[in-house]
Amino acid sequence: AALGLMTPSPELAERIRWFIRLRWLAAGGIVVAGAAVRGLDLPVRAAPLLGAAALLAAAGAVFALLARRPRAVLPFVWAQVVTDLVVLTFALHVSGGIENPFAFFYVFHVILASILLPVRLAYLTAGIAAGFFAALALLEHTGLLPHHPLGFGRWDDPRYLAGAVAVMTSTLLLATYLASTIMESMRRKDEQMRRVQEGLLQTEKLAAIGRLAAGIAHELNTPLASIGGYAEELAEIAKDGGPQLQKYTAVIRAQTERCKAITQSLLNFARSGEIQV
């Protein structure tokens, strides 16, 4: 639910910033891979890989700028996940397709989705990643997309392709299940901890109010005792002073007793945590 808010919680905002920084690291890794391709003389063109790195870096810059503005969090994070899946699929296509062992980076994406997104969207991410992988295998196998072989797998064997797609799909779903289960457990514990902290804060507030009430009651008791004593004496004097004066002294005595009852209630609150009237 927090992901739908315009302003994310501090913890979620830090996770989003971490996600954006991780994208820069991935772009640097692709650049290193492009340099390794040239150094190892692999049958892969370095230029498309560098293009994928540039695309990922540009996406990171855009998302970093957008992160500074208030916006709905869920679409923002979801857009980043899908963008990264697209870039990863392109990078795999130009560097061996499903032969490329880095195809299992799809697993990292679904784990990140499980950390940042609700469970249903984490599973949707796994489904999209599996679909991208299967589409890449099928399109390159049928020749609709050119294949850049690395010699690591039998990409032209339908049985190999079916097995690779099945393994990738099951791995993505399993990773999503494990990561989502762990994250849900952590979120429940965080919620429990938050409630405990709120309870402790409320208890501290009640204790502070109790101390304040006790102080007020003690401060008021002294003048009230003086007023009550003088009211008693005034009542004795007013016996021969007429009904009007007797009425006023009775009011003073009654209101003094009322104030004493209030201060006693404050003291009871300070001692037991509830007001007794």
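**Figure 1. Helix α2 against helix α3 in the predicted model.** Helix α2 covers residues 46-66. Its axis lies 9 Å from that of α3, at an angle of about 175 degrees. Angles over 145 degrees count as roughly antiparallel, so α2 is roughly antiparallel to α3. From α2, the contact takes Pro48, Leu49, Ala52, Leu55, Leu56, Ala59, Phe63 and Leu66. From α3, it takes Phe76, Ala79, Gln80, Thr83, Asp84, Val87, Phe90 and Ala91. Sorted by class, this contact of α2 with α3 holds 13 nonpolar, two polar and one charged residues.

**Figure 2. Helix α3 against helix α4.** The two axes come within 11 Å. They cross at roughly 180 degrees, which makes α3 roughly antiparallel to α4. On the α3 side, the contact residues are Val77, Val81, Asp84, Leu85, Leu88, Thr89 and Leu92. They meet Phe105, Tyr106, His109, Ala113 and Leu116 of α4. The contact of α3 with α4 has nine nonpolar residues, two polar and one charged.

**Figure 3. His109 in helix α4.** Helix α4 spans residues 105-116, and His109 sits in it. The relative accessibility of His109 is 15%; buried means under 20%, so His109 counts as buried. Its side chain reaches the backbone oxygen of Phe105 at 2.9 Å. With neighbours within four places in sequence set aside, His109 is in contact with Asp84, Leu85, Leu88 and Thr125. Asp84, Leu85 and Leu88 are also among the α3 residues that meet α4.

**Figure 4. Helix α3 against helix α5.** Helix α3 runs over residues 73-93 and helix α5 over residues 119-142. Their axes are 11 Å apart, and the packing angle is about 20 degrees. Angles under 35 degrees count as roughly parallel, and α3 and α5 are therefore roughly parallel to each other. The crossing of α3 past α5 is right-handed. The α3 residues in the contact are Leu74, Trp78, Val81, Leu85, Val86, Thr89, Leu92 and His93. Facing them in α5 are Arg120, Leu121, Leu124, Thr125, Ile128, Ala129, Phe132, Leu136 and Glu140. By class, the contact of α3 with α5 divides into 12 nonpolar, three polar and two charged residues.

**Figure 5. His93 in helix α3.** His93 has a relative accessibility of 12% and so counts as buried. Leaving out neighbours within four places in sequence, its contacts are Leu136, Glu140, Leu145, Pro146 and His148. Two of these, Leu136 and Glu140, are in the α5 part of the contact with α3.

**Figure 6. Leu136 in helix α5.** Leu136 is buried, because its relative accessible area is 3%. Residues up to four places away aside, Leu136 touches Thr89, Leu92, His93, Gly97 and Ile98. Among these, Thr89, Leu92 and His93 belong to the α3 side of the contact with α5. Gly97 is 39 residues from Leu136 in sequence. In space, the C-alpha atoms of Leu136 and Gly97 are 6.8 Å apart.

**Figure 7. Ala130 in helix α5.** Ala130 counts as buried, because its relative accessibility is 9%. Not counting residues up to four places away in sequence, Ala130 touches Thr169 and Leu172. Leu172 lies 42 residues from Ala130 along the chain, with a C-alpha separation of 7.2 Å.

**Figure 8. Pro223 in helix α6.** Helix α6 takes in residues 158-237, Pro223 included. At a relative accessible area of 37%, Pro223 is partly exposed. Thr256 is 33 residues away from Pro223 in sequence. The C-alpha atoms of Pro223 and Thr256 are 9.9 Å apart.

**Figure 9. The helices of the whole protein.** The protein has seven helices and zero strands. From the N terminus, the order of elements reads α-α-α-α-α-α-α. Of its 277 residues, 33% count as buried. Take the contacts with a separation of 6 or more: residues 24 or more positions apart account for 73% of them.

Key: Residues numbered from 1 in each chain as written. Predicted model: local features only at pLDDT ≥ 70, side-chain atom pairs only at ≥ 80, totals over all residues. Heavy atoms only, no water. Axes fitted to C-alpha atoms, helices over the stretch in contact; angles between N-to-C directions. Helix = DSSP H or I, 4+ residues; strand = E, 2+ residues; numbered from the N terminus. Parallel < 35°, antiparallel > 145°, perpendicular 65-115°, else oblique. Left-handed = near helix turned anticlockwise from the far one by under 90°. Contact = heavy atoms within 4.5 Å. Nonpolar A, V, L, I, M, F, W, Y, C, P; charged D, E, K, R; others polar. Buried < 20%, exposed > 50% of the residue type's maximum accessible area, 1.4 Å probe, protein only. Polar contact = N/O pair within 3.5 Å; in protein donor to acceptor, adjacent residues only side chain to side chain.
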